[in-house]
Amino acid sequence: MELIPDLPETVARECLLRSSYHQFPLMASVCKLWQREISLPDFFRHRKASGHSQELVVLSQAHVDDPVNKLGSGKTIPTPVYRISVLELGSGLRSELPPVPGQSKGLPLFCRLASVGSDLVVLGGLDPVTWRTSDSVFVFSFLTSTWRVGKSMPRGPRSFFACASDSERNVFVAGGHDEDKNAMMSAIVYDVAEDKWAFLPDMGRERDECTAIFHAGKFHVIGGYATEEQGQFSRTAESFDVSTWRWGSQADEFLSSGMTTWPPVCAAGENGGLYACCRRGLMVMRGETWHKVGEIPADVCNVSYVAVSRSGKLVVIGSARYGEPSVGYSWDISNSRWVKLETHEKYEGHVQAGCFLEM
């Protein structure tokens with residue numbers, strides 16, 4: 001059976017490769033052959049190689065017109081309702097994903113996001129009504145534009161954990177704290193395709209409110225603090241090597257002394273570069289030392305998320321302070337220039353988490 005009748009296979013496949021990701025659900029519904037074609041890993045590899053892939057920044061972002069809880073005294077407390085917004089880096093277009101079924105009050109507060117292939121994974125957080133810690137997992141398919149419920153995180157609910165993916169199959173989770181606010185040193189991994197969790201060896205220390213990146217075949221967990229330290233962020237980091245299934249030796253001075261007041265927001269580029277936003281400083285690691293390479297613009301210095309695009313630009317999302325509009329900037333790695341991204345009032349709500357997806 002031909003992909004497109006009366007067209008050579010190479011031409012028909014090129015037509016599919018050039019389609020926008022917005023069209024994937026419609027394409028999948030046309031016929032089983034098209035559905036199979038756009039589901040293959042090779043399809044996305046060819047899109048990237050031919051320059052037709054689209055780079056997306058996916059965010060857990062509050063609605064601007066949040067409802068409020070009214071108190072008996074007449075005062076009001078904002079109650080953010082979070083949803084998934086999507087920023088297309090090439091076009092600057094923004095959109096919103098369908099809500100998670102059964103989550104009428106929005107996404108869990110402080111949930112984590114990760115991308116695997118053409119799937120978005122939403123993990124954990126706090127129930128927006130009861131504030132109870134959640135072990136929930138929700139998976140959104142950009143191919144079908146549908147949500148499904150994933151298998152819950154094992155070892156009980158945890159929050160403020162580190163999370164990163166290998167972008168192909170697995171999501172890694174480490175640290176955070178349990179329902180009794182005890183910092184955790186355990187780590188787990190989620191196979192999205194199989195909907196299965198597996199246990200990793202424990203880390204060398206407890207790490208609450210740590211951060212993580214997946215880089216060069218390793219899951220790197222950075223900073224955090226132990227239960228008795230409460231907010232005194234560690235300068236250490238440790239890395240899990242997927243090939244050996246072991247944690248390496250702890251790097252005791254991974255973060256410089258000025259990077260521990262608040263956990264840095266980190267990102268790794270395909271060129272091997274490692275970047276961090278800390279206070280107003282933009283940092284890059286050279287060798288084993290962090291170097292400041294620029295000042296983060298004042299209206300985005302409260303950084304919520306940072307990513308490195310294939311085009312060699314650092315994308316920073318944040319605000320001047322909590323309660324101020326969220327904005328975005330790109331920083332050109334080649335010339336160190338900041339460019340403010342176009343925004344819209346609908347997408348100026350507070351950003352809690354994000355992930356990068358290329359498809």
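**Note on a predicted model: aromatic pairs, helix faces, cores and strands**

1. A search of the whole structure, which is a predicted model, finds 17 aromatic pairs. One of them joins Phe-24 and Phe-43: the ring centres are 6.0 Å apart and the planes stand at 70°, so this pair is edge-to-face. Because Phe-24 belongs to helix 2 and Phe-43 to helix 4, the pair ties together parts that are 19 residues apart in sequence. Both residues are buried: Phe-24 has a relative accessible area of 0%, and Phe-43 has one of 2%.

2. Another pair is that of Phe-254 and Trp-290, with ring centres 6.0 Å apart and planes at 85°, so it is also edge-to-face. Phe-254 lies in the loop between strand 17 and strand 18 (265-268), and Trp-290 lies in strand 21, so the pair ties together parts that are 36 residues apart in sequence. Is Phe-254 buried or exposed? At 18% relative accessibility it counts as buried, because buried means under 20%. Trp-290 is buried as well, with a relative accessible area of 8%.

3. Further aromatic features deserve mention. Phe-172, Phe-214, Phe-219, Phe-240, Trp-245 and Trp-247 form one aromatic cluster.

4. Helix 1 (residues 9-17) has Ala-12, Leu-16 and Leu-17 as its buried residues. Seen down the axis of helix 1, these residues fall within an arc of 145°, so they line one face of the helix. They pack against helix 2 (24-30), helix 3 (32-39) and helix 4 (41-49).

5. In helix 3, the buried residues are Trp-34, Glu-37 and Ile-38. They cover an arc of only 85° around the axis, and therefore lie on the same side of helix 3. Lys-32 and Arg-36, on the other side of helix 3, are exposed. The buried residues of helix 3 pack against helix 1, helix 2 and helix 4.

6. Which residues of helix 4 are buried? They are Phe-43, Phe-44 and Arg-47. Their arc around the axis is only 90°, which puts them on the same side of helix 4. The face turned away from this buried side carries the exposed residues Arg-45 and Ala-49. The cover over the buried residues of helix 4 includes helix 1, helix 2 and helix 3. After helix 4 comes Gly-51, with a positive phi near 80°.

7. The largest nonpolar core has 37 residues, of which Phe-24, Ile-84, Leu-120, Val-122, Phe-142 and Trp-147 touch the most other members. Apart from it lies another core, of 16 residues, among them Tyr-275, Val-300, Val-303 and Val-306. Leaving aside neighbours within four places in sequence, Leu-120 has contacts that include Val-58, Ile-84, Phe-142, Trp-147 and Cys-355.

8. Four strands form an open sheet in the order 14-15-16-17, with antiparallel pairing. Strand 14 (211-215) and strand 17 (246-247) are the edge strands, each pairing on one side only. Strand 15 (residues 218-222) is joined to strand 16 (residues 237-241) by five bridges, and Ile-222 stands opposite Ala-237 of strand 16.

9. Strand 20 (residues 281-286) and strand 21 (residues 289-295) run antiparallel and are joined by six bridges. Gly-281 stands opposite Glu-295 in strand 21. The hairpin of these strands has two residues between them, and Gly-287 takes a positive phi near 70° there.

Notes
Residues numbered from 1 in each chain as written. Predicted model: local features only at pLDDT ≥ 70, side-chain atom pairs only at ≥ 80, totals over all residues. Heavy atoms only, no water. Pairing = 2+ DSSP bridges. Buried < 20%, exposed > 50% of the residue type's maximum accessible area, 1.4 Å probe, protein only. Arc of directions from axis to C-beta. Contact = heavy atoms within 4.5 Å. Core = buried A, V, L, I, M, F, W, Y, C linked by side-chain atoms within 4.5 Å. Phe/Tyr/Trp six-rings, centres within 6.5 Å; stacked < 30°, edge-to-face > 60°.
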